[in-house]
Amino acid sequence: MRRGTWVSLLAASVGVAGCAEEAASEAIVVAPVDAQSWELVWSDEFDGTELDGTKWAPEESCWGGGNNERQCYTDRPENIVLEDGFLHLKARKETFTGPDRPPEIAEDPNPQVTQEYTSGKIRTRGLHSWKYGRIEVRAKVSAGQGMWPAVWMMPEEAHYGSWPLSGEIDILEAVNIGAACDECEGDVGENRTVSALHFGEAWPKNSHVDQKSPLPDLALPSDEFHTYAVEWGEGLIRFLVDDRVHFTVPKEEWFTGSPDAEGNPNAPFDRPFYVMANLAVGGKWPEESNEKGLADSSIPNQFTIDWIRVYQCHDDRETGLACMK
């Protein structure tokens with residue numbers, strides 16, 4: 001998810017998104033990928049009544065992710081709840097005071113910040129991470145101007161340096177679903193989900209590539225559950241929606257400015273990454289897009305996840321490429 005400061009990213013994204021939209025219709029008709037060789041190595045089906053602390057750690061922070069988001073993330077049942085086999089990350093309008101930043105980037109002492117909204121965010125950071133594989137989530141994204149649900153991956157260690165030198169993998173982002181959209185196909189408004197990679201030089205010279213894609217029938221992705229996935233191998237990353245490839249990125253399209261990556265064309269996407277899921281409220285990207293701002297009608301809201309699963313290639317754990325035919 002777009003978690004660095006957005007000052008220069010927005011300008012760069014205009015050209016990238018334009019190309020992505022032109023390719024979207026063609027991309028979504030790619031045939032389903034044969035996944036028989038992927039072996040399940042980790043999953044959470046969210047069948048219990050409480051979040052599994054051996055798999056997830058809720059993030060508690062109010063800093064807005066570097067994107068001017070409006071929420072405090074809390075570990076309360078008001079914002080993170082398991083019910084009827086689903087995980088619900090719930091956004092609420094309420095004044096809340098909490099820690100500014102998560103522990104790994106917090107000042108000492110960590111100041112308290114007050115926001116007008118709360119929501120939920122969970123991470124496998126410090127618990128589980130993977131290098132190469134197929135990571136997928138079955139979810140129903142939230143709709144509404146200003147809503148920003150996401151499932152994404154960050155490096156377990158900043159091996160190549162701070163963001164974005166060590167990379168970022170965005171499996172799913174959904175921004176302002178259902179809001180007015182002049183560029184969108186169909187007649188339901190914003191109906192595209194986004195997958196992206198972030199990499200490059202240190203901000204403000206950071207880079208990214210992304211793809212915005214509608215569903216084949218141009219319906220709102222918030223109407224039903226869909227399966228969003230990334231297949232990640234050595235030098236190749238591709239993103240899928242309901243087992244259809246909608247975005248492919250070879251190593252020639254990414255890089256890192258880290259001197260530690262000299263002579264390594266696969267960097268920074270050759271190290272273990274962890275998984276997280278969250279529902280952001282507002283922020284620079286959603287509030288400067290579509291109908292602008294944060295609509296009162298968007299709150300309360302929730303991002304509902306059925307399961308998250310991690311597979312690795314049974315015949316090729318080293319590169320993962322044998323499963324990416």
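Some housekeeping comes first. Because the model is predicted, local features need pLDDT of at least 70 and side-chain atom pairs count only at pLDDT 80 or more, while totals for chains, interfaces and linings use all residues. Residues are numbered from 1 along each chain as its sequence is written, and side-chain values use heavy atoms, with hydrogens and water left out.

On to the strands (DSSP runs of E, at least two residues, numbered from the N terminus). Seven of them make an open sheet in the order β2-β7-β16-β9-β10-β11-β12, with antiparallel pairing; two strands pair if DSSP finds at least two bridges between them. The edges go to β2 (57-58) and β12 (206-214), each of which pairs on one side only. Inside that order, β7 (residues 121-123) meets β16 through three antiparallel bridges, and I122 stands opposite A277 in β16.

Aromatic contacts come next. The search of the whole structure turns up eleven aromatic pairs, a pair being rings of Phe, Tyr and Trp (its six-membered ring) with centres within 6.5 Å; planes under 30 degrees apart count as stacked, over 60 as edge-to-face and the rest as tilted. In F199 and F255 the ring centres are 5.7 Å apart and the planes are at 70°, so this pair is edge-to-face. F199 belongs to strand β11 (residues 192-200) and F255 to the loop between β15 (244-250) and β16 (273-281), so the contact ties together parts 56 residues apart in sequence. Burial is defined by relative accessible area: buried is under 20%, exposed over 50%, partly exposed in between (1.4 Å probe, protein chains only). F199 is buried at 3%, whereas F255 is partly exposed at 36%. Elsewhere, Y132, W232, W254, F269 and F273 form one aromatic cluster.

Charges sit over rings too (NZ of Lys or CZ of Arg within 6 Å of the ring centre and within 35 degrees of the ring normal). The charged end of R309 is 3.6 Å from the centre of the W307 ring, and K55 lies over the face of W42 at 5.8 Å.

On a 1 Å grid over the protein atoms alone, a cavity is a set of points where a 1.4 Å probe fits but cannot get out, and a pocket is an open set with protein on both sides within 12 Å along at least five of seven lines; lining residues have an atom within 4 Å of a point. Volumes are the space filled by probe spheres set on the points, which are joined across faces, edges and corners. There is one cavity of 30 Å³ or more, and its lining includes K131, Y132, C313 and R317. The largest pocket holds about 650 Å³ and is lined by 33 residues, with W63, E104, I105, M154 and W163 nearest its centre. β9 gives the most to that lining, with three residues.

How values were computed. Helices (H or I, at least four residues) and strands (E, at least two) are DSSP runs, numbered from the N terminus.
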